[in-house]
Every structure is written in structure tokens, then in C-alpha cells.
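Have a look at the structure first.

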Amino acid sequence: MNNHSRTARCAVAALALVAPLVLGVTTASAAPRQPVEYDALGDSYASGYGVPPYEACGRSQSAYALQLDGRMKIDLDDFVACAGATTASLVAGGQLNALDDDTDLVTISIGGNDIGWSTAVVACLGGTDAQCAGGLAATSGRVTTVLPGLLDSVYSQVSERAPEAHVVVTGYPRLFTPEYGAFLAASAPEQEALNNGADLLNGVIAEAAAEHGFQFVDVTKRFLGHGVNAPDAWVLGPFDPGAFHPNAAGYEAYTAALTASINPSRLR
């Protein structure tokens, strides 16, 4: 047998041995990915409040949890976010009961109601400069001194209840677009100060999330130019029943931010 024939036969034999292995790997990698069990927790920004009609706890069909359902093999199991929730009422109200060892994905928005943020906003929109400054100072103080401990407690319990889950924490948008000038009694500089307060809040939430190995999704950039006083506002105005919550376009922006940030390969 010449060298050429011997080489050809060896190549064929080697291919016969390797082919089943290659096919096995290909078959395994092509197996359909299992649905991701998803539980949605949090406050009014998670419940979709601002866009009626509502079910219990101000839950709306516009909520990002319902918009995420079905995307990236995500299967929404429990949607328990509740308008008005604080870190304490989230626990006392039983939202954590939605979580278990089978939970693959959790989203949570919490913290804004713990610091009296709405009080500062109202003081700046309808009060004096001194009242606005005082409201901002009080709120910022609670953000830096009180909120970290509250978040740590809730996040620890989330980890305990859903130890295998990928947890995504959502932030809050800036409410104003100062370049359009004064809005009610809030001057452009006061609007900037309120937006800085939102940045401070998001920074504390992001840091607490990172300490627990959670992913933080910041929506600030998506809402730029769409504050409550902008022509194309994605935040509801002060005279709307859902004041200072996202409108339908705003919740779509939340959904887009989450969709862009969540890596399907990390969900199981």
C-alpha cells in the first residue's frame, strides 16, 4: 500500500471516531433552553402604577414585568409588586413569599418610599425656596444614613429566599428636564437639585445591589429629555392621579433598559 492510500484510510478512520463526539456536542448545544422562572417584586414603579386600569396593589398591564414576560424565554411566575411599598411593607406584605429555590430571575424596585422623596418634590413645586432646600436636605440625609441598612436587609432576604436567582435591581428616573425652565414653583436650579437627589438615590441603591452581587439597571439616560415638564414627557405631571410615575412610554423605556441589560445566558 502506498503512503497516499494509507494516509487517506487513517483520515477516514479518525473521522469515523470523532464524528459521534462532534455530533453529540452539537446536539447538546442545540437543545432548547428551558423557560426562566421570573418573579417581580417592588413598589409602584415596578407595579406599573400611573397607567390604569389597575388590579390589586396598583398593578398595571404596562408594568415592565408583564412586558418582559415571554421575552428571552422569560416566564413570569409571580407578579407581586405593590404601589406604595417600602422595604418594610415589601417584607410584611409577603412579597418575598413569591421566591423559592426554583426562581431564576428576580426584579425589584424599592427604596423611593423609604426616604420621603415625594415630600421633597412637593416642597419644591409648591413651597418656598427655603422649604425646597429643607426638603431636599432631609431626603438626602435619609438616603445616605438610613436607606443603606434597609436595602441590605431586604436584599439579604431576597438572596436567602431565591439563592439560585439572578437578581436585577431597577433604579429611578430623573423627574425633570430643567432646560425647559421653571415648572410651577420649582426653578431650573431647584429641578437640577431634585435630579441630583435622584442620582444620589440611584447611587446608594446601585452600591447596595453590588454588595449583594445583584445587577443594577440605571434608566437615567433613557429618560433624558423626557422629564415631567418636557414636551414629550414620559413622567406624569403633578395633577395626574399617577403623579410622578412613568406613563406608558416611560414603562416601555424601563422594559427596553431591562431587555438590553439582561444576558439570557446568566438566567439559568
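## Around Thr255

Leaving aside residues up to four places away in sequence, Thr255 touches Tyr64, Gln67, Leu68 and Arg71 (contact means heavy atoms within 4.5 Å). Bear in mind that this is a predicted model, where local features need pLDDT of at least 70, side-chain atom pairs count only at pLDDT 80 or more, and totals for chains, interfaces and linings use all residues. Residues are numbered from 1 along each chain as its sequence is written, and side-chain values use heavy atoms, with hydrogens and water left out.

Thr255 sits in helix α10 (residues 248-261); helices are DSSP runs of H or I with at least four residues, strands are E runs of at least two, and both are numbered from the N terminus. A polar atom of the Thr255 side chain lies 3.0 Å from the backbone oxygen of Tyr251.

The model holds 1 salt bridge (a side-chain nitrogen of Lys or Arg within 4 Å of a carboxyl oxygen of Asp or Glu). Its partners are Arg174 and Asp199, at 2.8 Å, N to O. They link distant parts of the chain, 25 residues apart: Arg174 is in the loop between β6 (166-170) and α8, Asp199 in helix α8.

| Residue | Relative accessibility | Class |
|---|---|---|
| Thr255 | 1% | buried |
| Arg174 | 27% | partly exposed |
| Asp199 | 27% | partly exposed |

Key:
Buried < 20%, exposed > 50% of the residue type's maximum accessible area, 1.4 Å probe, protein only. Polar contact = N/O pair within 3.5 Å; in protein donor to acceptor, adjacent residues only side chain to side chain.
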